[in-house]
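This report considers how the nonpolar residues gather in the structure shown here, and then turns to one of its sheets.

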Amino acid sequence: MAYITLRDVQLAFGGPALLDGANFSLERGERVCLIGRNGEGKSTLLKLIEGSLLADSGEVSLQNGITISMLAQDVPMDSGKVADIVADGAGEAADVLRAYHEASDACVLGDMEACDRMGNLQHKLDQLDGWALETKVNSILSKMGLDPDADLADLSGGRKRRVLLARALLTQPDVLLLDEPTNHLDVESIEWLEKFLLDQNNLTLLFISHDRSFVDSIATRIVELDRGTLRSYEGNYSRYLELKAQQMEAEEKQNALFDKRLAEEEVWIRQGIKARRTRNEGRVRALKALREESKARRFQQGKVSMATQEANRSGKVVFEIENLSVRFGNDAPIINDFSALVLRGDRIGLVGDNGVGKTTLIKAILGEQQHTGTVKTGTQLEVAYFDQLRNALDLEKSVKDNVSEGSDHVDVNGNRRHIYSYLQDFLFSPERARTPVKALSGGERNRILLAKLLLKPSNLIVMDEPTNDLDMVTLELLEEMLSDYKGTLLLISHDRAFMDNVVTSTWVFDGKGNIDEYIGGYQDYLQQRPDQTVVDQKSAVKKAVAKAEAEAEPAAPKKVKLSYKDQRALEQLPAEMEALEKEQVEINAVLADGSLFISDADKALKLSNRLSEIDDLLLEKLERWEELDNLTK
């Protein structure tokens, strides 16, 4: 029997049904990703399964005895001891244990009523297995690398997510529900979460995510919520795209046949008097049914239409950055001696953990943050800054007034358009455009920001985490628009697939103030990284020899006569190592500028793998040479 089953579930909140006769099942061990457009009802479905919402009709059934935990989308801003917050995941047992400790403290101070309460609380703890709770909490915190005594308010977004995940997993649930678990996490935290979830044996997952790399790594099945219906696609996101394209093609053909049949019947019913006298009453009833079906048919939500308003071209050099450093007080510099040249048309991605200085660098380059060093700005630069607009949204005003600032018309590439027409490009109907921003979802707010940003003529776009809360279709359209943009782009994002599809080079922050530049996107950086960090082999050999000499036993081994085979190996090994070192230098020279990763990625990957093989071979041959050489001394 499936862990979770939905049968003909109906749920609506006044408008079109979020769930319209939906059917779904979740089997043990599955990792199912729930996807769909913003506002389709994905989070609502999770709440329905969790039990905090009830369906209008239909059946939501759970296998007897299974436990479900849910990790919500929002990260709390509250303070509190990490161990206490995690323990709250145990529900009643945590409350009773906390009450017992409070009573114990009061009893020691002479409160006899508290002493009496301790007996009842102790009995409850025995029933709830509450004594093991503290051990469980410490165990899971250790597993996740969290300090039990830390204050939640002092933790980064990624660490807060870990705390919430620890609380959700404390009771070892059979099913874990995750709502956008990667939102606001840096790349390192996302990769940690991927590995952690994949390491949990027998954990069944139902999760919502718009991070395509995360979905590809985790999901064993994709379920799409589309116009109230749940459709299942076996495999990961890449496989879903193939199957979805086939399904949409079939749906378009079916709709075309339906429309043709309806049109033919409408022509028939409007024929002359003679035809009406002999018409078939069953055919009339069938036409009425077709009309009703046509009215009830729900079409897929349209796509966002995005286009930038490009200003005059900037100068060829956009920014010339020399020895830029930023320090706060007496702390170590958050950015240390950074130099770079940004040319017109560059699309640069900034990658690093939260708090390493990505936004600080952007602000320093734009002159909004004090720094040492110099930043020379190119000519005719017109900047559109996505992050600045977030703070400019007035939550009390409507979508229309936020975008057009009270005007009924906007200028789009020299054409005057009515604001409602322009907002329909971003999927806001006139009714929705009159809605206060505070009533909108996170994805809708991001679409407002994009609508506002793209009204501004620019030749430099700066975006700080533009992908949060956007659905996958809108993400792909934003990618397409940025790829076609003729100006310059500076982009901060933790969405690895988005970076791979948009940027031409990547600035990687190491958290110690240093920034390295790599050609290509995030995956290109991962492939190039070993060559950037490898230590010179000859230096490594010297260190290995020195270490071996230092650790050698004082008593020299007995000199022995080598066999012909060993003597031959001893003579040949230096030449073999020299040949490997020569090959290593040649490969490093080919990969040095990173261009091969763009022109011939397969060849570049093979050469990178060969470098790793050479490292292992050199070490192996060096150890063998030392072993044989020592025997002759």
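In this predicted model, the largest nonpolar core comprises 51 residues, and those with the most contacts inside it are Val-86, Leu-165, Leu-176, Leu-197 and Phe-207. Helix α6, which spans residues 157–169, gives the most to this core, contributing 6 residues. Around Leu-197, once its neighbours within four places in sequence are left aside, the residues in contact are Leu-176, Leu-178, Leu-205, Phe-214 and Ile-218. A second, separate core holds 42 residues, among them Ile-419, Val-437, Val-503 and Tyr-525. In soluble globular proteins, nonpolar side chains tend to be buried together.

The sheet described next is an open one of 3 strands, arranged in the order β11-β10-β13 with antiparallel pairing. Because β11 and β13 each have a single partner strand, they stand at the edges, and one side of each is left without a neighbour in the sheet. From one strand to the next, the twist averages 5°. Strand β10 and strand β13 run antiparallel and are joined by 5 bridges, and Ser-325 has Thr-372 in β13 as its bridge partner. Helix α12 lies across β10, β11 and β13, and its direction makes an angle of about 120° with β10.

The elements of this region are listed below with their residue ranges.

| Element | Residues |
|---|---|
| Strand β10 | residues 317–326 |
| Strand β11 | residues 335–343 |
| Helix α12 | residues 358–365 |
| Strand β13 | residues 372–377 |

Note on methods. Residues are numbered from 1 along each chain as its sequence is written. This is a predicted model: local features need pLDDT of at least 70, side-chain atom pairs count only at pLDDT 80 or more; totals for chains, interfaces and linings use all residues. Side-chain values use heavy atoms; hydrogens and water are left out. Two strands pair if DSSP finds at least two bridges between them. Helices (H or I, at least four residues) and strands (E, at least two) are DSSP runs, numbered from the N terminus. Axes are lines fitted to C-alpha atoms, for helices over the stretch in contact, and angles run from 0 to 180 degrees between N-to-C directions. Contact means heavy atoms within 4.5 Å. A nonpolar core is a set of buried Ala, Val, Leu, Ile, Met, Phe, Trp, Tyr and Cys residues joined through side-chain atoms within 4.5 Å. Buried means under 20% relative accessible area, exposed over 50%, partly exposed in between (1.4 Å probe, protein chains only).
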